[in-house]
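Trainee: I would like to go through this model and check each label against its cut-off. Can we begin with a single residue?

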Amino acid sequence: MTRLAHGGARTETRSGAEWFVRDIPAHRAEKQYLCPACVIEIPVGQPHVVAWRADDFFGDEVAVRERRHYHAHCWRVR
Ligand SMILES: [Zn+2]
C-alpha cells in the first residue's frame, strides 16, 4: 500500500496538487537544508517539514528523490 510505504507521511493539497508531507523533529534534523521557499538554510537540529509530490507524473521514486525541506512556517504559508 502506497501510503504506508511513505512512512506515515500525511497528504496535503497545495495549489491544486497533492503532496506527501512529513514533520522532521529536532533530533532527526541531522543535515542542513536550503528551504526553497525563502532560500534560507534550515540549521541542523531545527524541526521542519519535508514535502514531495504525491501525484508526480514520473512516479513515486522520482518524487521522493526530489523532495524538498521547508521551514515549518514557510510550508504553512505556501
Ligand atoms: Zn523557509
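Trainee: In which strand is Ala17 found, and what makes Ala17 exposed?

Mentor: Ala17 is found in strand β2, where strands are DSSP runs of E with at least two residues and helices are runs of H or I with at least four, numbered from the N terminus. Ala17 has 11 other C-beta atoms within 10 Å. A residue is exposed at 12 or fewer such atoms, buried at 20 or more and partly exposed in between, with C-beta atoms placed from the backbone. Ala17 is therefore exposed.

Mentor: Two points on the basis of all this. Residues are numbered from 1 along each chain as its sequence is written. The model is predicted, and local features need pLDDT of at least 70, side-chain atom pairs count only at pLDDT 80 or more, while totals for chains, interfaces and linings use all residues.

Trainee: Which residues does Ala17 touch, not counting residues up to four places away in sequence?

Mentor: Ala17 touches Arg53 and Asp55 under that exclusion; contact means that the C-beta atoms, placed from the backbone, lie within 7 Å. Ala17 and Ala54 are 37 residues apart in sequence, with their C-alpha atoms 7.9 Å apart in space.

Trainee: Why does Ile24 count as partly exposed?

Mentor: Ile24 has 19 C-beta neighbours inside 10 Å, so Ile24 counts as partly exposed. Ile24 also has its place in strand β2, and its bridge partner in β5 is His48. Leaving out residues up to four places away in sequence, Ile24 touches Ala29, Pro47, His48, Val49 and Val50. From Ile24 to Ala72 the C-alpha distance is 9.3 Å, at 48 residues apart in sequence.

Trainee: How do you know that β2 and β5 pair?

Mentor: Pairing asks for at least two bridges found by DSSP between two strands, and β2 and β5 have six, in the antiparallel sense. One of the bridges puts Asp23 with Val49 in β5. β1 and β2 also pair in the antiparallel sense, over five bridges.

Trainee: What makes β1 and β2 a hairpin with a turn?

Mentor: Two residues lie between β1 and β2, and Ser15 in the turn has a positive phi of about 40 degrees.

Trainee: Why is β1 said to lie largely in the open?

Mentor: β1 has five residues, 10-14, and the number buried is zero, so β1 lies largely in the open.

Trainee: What is the order of the strands in the open sheet?

Mentor: The order is β1-β2-β5-β6, four strands with antiparallel pairing. β1 and β6 (68-70) are the edge strands, since each pairs on one side only. On average, neighbouring strands of this sheet are turned by 40 degrees against each other, direction ignored. The axes behind such angles are lines fitted to C-alpha atoms, for helices over the stretch in contact, and angles run from 0 to 180 degrees between N-to-C directions.

Trainee: What makes the largest nonpolar core a core?

Mentor: A nonpolar core is a set of buried Ala, Val, Leu, Ile, Met, Phe, Trp, Tyr and Cys residues joined through C-beta atoms within 7 Å. The largest one here has seven residues: Ala9, Trp19, Phe20, Val49, Ala51, Tyr70 and Trp75. β2 (17-24) and β5 (48-53) each supply at least two residues of this core. Tyr70, not counting residues up to four places away in sequence, touches Cys35, Ala37, His48, Val49, Ala51 and Trp75.

Trainee: Where is confidence lowest, and where highest?

Mentor: pLDDT is the predictor's confidence in each residue, from 0 to 100. The mean is lowest in helix α1 (residues 2-5), at 50, and highest in strand β4 (residues 41-42), at 98. The chain averages 86, and 86% of the residues score at least 70.

Trainee: How many helices and strands does the chain have?

Mentor: The chain has three helices and six strands, in the pattern α-β-β-β-β-β-α-β-α. Of its 78 residues, 13% count as buried.

Key:
Two residues are in contact if their C-beta atoms, placed from the backbone, lie within 7 Å.
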